[in-house]
Amino acid sequence: MNFNILLLDKNKKYIPPLQYIFNFALIKFEPLKVKERLKSDDLLRLIADTKHIMLTGHVNPDGDSIGSLVGVGKYLQELGKDVSAVVPNRFPDYLGFLDPENEILIYSENPDRVRETVARADLIICLDFNGLKRIEQLGELIGRSPVPKVLIDHHPQPENLFALVFSETEVSSTCELAYRIFKNLAPGEKISLESGRAFYTGMMTDTNNFANSVWPSTFRMAAELLELGVDKEDIQSRVLWSFAEGRMRLMGYMLHENMKIFPQYRAGLMILTKEMKERFGYEDGDSEGFVNLPLGIREVEVSALFTESDDFIRVSLRSKGDISVNRLSRLYFNGGGHERAAGGKLYIPVSEVEEYFKKSVGEFMGKEK
Ligand SMILES: [Mn+2]
């Protein structure tokens, strides 16, 4: 291990505190594993050599995506870095409080500025997705950049093109992993309230308000962030209790008229068509969480939400028990994800979705039994 004095920027001189020097002795009290500690030293060295750092989130950015971009971004700014955050397309309005100055660049709306940002960056950090193909054209652009790329993510099977990979599936969220890395990264540099609030948002949304994918480390982090001063009521009311009336009406409609249950396959299904979106004044993010609803039914172990868009049908899958929707999606829905939460895409007419779902889930659940 290297205890050189770290110069993160010309005006700031870092002298490692005692705690850093005795890091190995302290490891058993720290959530960081030895391997991670060594990797985070590599990350610190990579960061120390850079001026312009670009952070990238995934398509249809959610709370974990925006939370990790803002949490990591603010931290790196505190270190004196020039930081840009980019997402492939727009994120829902209820996450706007994390980016009050509209600093996050949106590739679909401003491709030229994003191109300039990629050209200027001397380090690219990818957050909350496991490979560049997941971010479509933005991924191609980043793939052509010669600068080192770092991945921080909690999805299985990360792509093999990064200089440094932090990939851990036994955490609630990318925000949890990023918090763990950055809170121990630069000696003497603390997580600010602004970063903490962003990280809290991501762990709260990815766990469905601390219901799924919660680990002991998740609650520990939540406790630390509350001690830091994060206002959880404020975040809850901004993110969970700020939907439009149309979203509630749509949810009622989906449950009452649209949801189909197939007890023979232990499966539930909802199909959100463009026609329904129009009827209920649908806005991006309005169907957030719908896919979890059928899982509340005793018999249902796999739940699917199909959302029609102009070019394809977006697939969301959830499960409980031992059913792997990651596998289900890889086999039938051109996607993947976590064991109990996965996504995919279908390129068939919306009228054929129900038949296709019944056929594939029937085959799959037959094998799973
Ligand atoms: Mn996530």
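Modeller: Helices (H or I, at least four residues) and strands (E, at least two) are DSSP runs, numbered from the N terminus. Residue numbers count from 1 along each chain as its sequence is written. This is a predicted model, in which local features need pLDDT of at least 70 and side-chain atom pairs count only at pLDDT 80 or more, while totals for chains, interfaces and linings use all residues.

Let us take the parallel sheet as our part. It is an open sheet of six strands, in the order β5-β4-β3-β6-β7-β8, with parallel pairing; two strands pair if DSSP finds at least two bridges between them. At the edges are β5 (105-106) and β8 (164-167), each with pairing on one side only. Further in, β3 (residues 52-56) and β6 (residues 123-127) are joined by four bridges in the parallel sense. To find this pairing on your screen, look for Met54, which faces Ile124 in β6.

Thr50 and Leu123 are 73 residues apart in sequence, yet their C-alpha atoms are 6.7 Å apart in space. Apart from neighbours within four places in sequence, Thr50 is in contact (C-beta atoms, placed from the backbone, within 7 Å) with Lys81, Asp122 and Leu123. Thr50 counts as partly exposed because it has 18 C-beta neighbours inside 10 Å. On that scale, 20 or more other C-beta atoms within 10 Å make a residue buried, 12 or fewer make it exposed, and partly exposed lies in between.

Helix α4 (residues 63-78) lies across β3, β4 (82-87) and β6, and runs at about 170 degrees to β4. Axes are lines fitted to C-alpha atoms, for helices over the stretch in contact, and angles run from 0 to 180 degrees between N-to-C directions. Helix α7 (residues 174-183) also packs on the sheet, where it touches β6, β7 (149-153) and β8. The direction of α7 makes about 120 degrees with that of β7.

α7 has a helical partner too: it packs with α8 (residues 193-206) at an angle of about 145 degrees, and the two axes are 7 Å apart. On the α7 side of this contact you will find Thr174, Cys175, Glu176, Ala178 and Tyr179, which meet Phe199, Gly202 and Met203 in α8. By class, these residues are five nonpolar, two polar and one charged. For that count, Ala, Val, Leu, Ile, Met, Phe, Trp, Tyr, Cys and Pro are nonpolar, Asp, Glu, Lys and Arg are charged, and the others, Gly among them, are polar.

Two asparagines in the loops are worth a click. Asn102, in the loop between β4 and β5, has a phi near 50 degrees, a positive value in a residue other than glycine. Asn102 is exposed because 8 other C-beta atoms lie within 10 Å. Asn209 is found in the loop between α8 and α9 (216-228), and its phi is also positive, at about 55 degrees, although it is not a glycine. Asn209 counts as partly exposed because it has 15 C-beta neighbours inside 10 Å.

To place the sheet in the chain, turn to the domains. The assignment, which is automatic or from a database, gives domain 1 (6-239) and domain 2 (245-368). Taken over C-alpha atoms, the domain centres are 30 Å apart. Seven residues of domain 1 are in contact with eight residues of domain 2, and the side belonging to domain 1 has three nonpolar, three polar and one charged residues.

For contrast, look at another strand, β10 (residues 267-272). Six of its six residues are buried, so β10 is largely enclosed by the rest of the structure. Ala267, Leu269 and Ile271 point one way from β10, while Gly268, Met270 and Leu272 point the other way. Strand β9 (residues 260-262) runs antiparallel to β10 and is joined to it by three bridges, with Lys260 partnered by Leu269. The hairpin of β9 and β10 has four residues between the strands, and in it Arg266 takes a positive phi near 50 degrees. With β11 (residues 302-308), β10 pairs in the parallel sense over six bridges; here Ile271 has Phe306 as its bridge partner.

A last word on confidence: pLDDT is the predictor's confidence in each residue, from 0 to 100. The chain has a mean pLDDT of 91, and 91% of its residues reach 70 or more. Over residues 1-30, however, pLDDT stays under 50.

Technical notes: Two residues are in contact if their C-beta atoms, placed from the backbone, lie within 7 Å.
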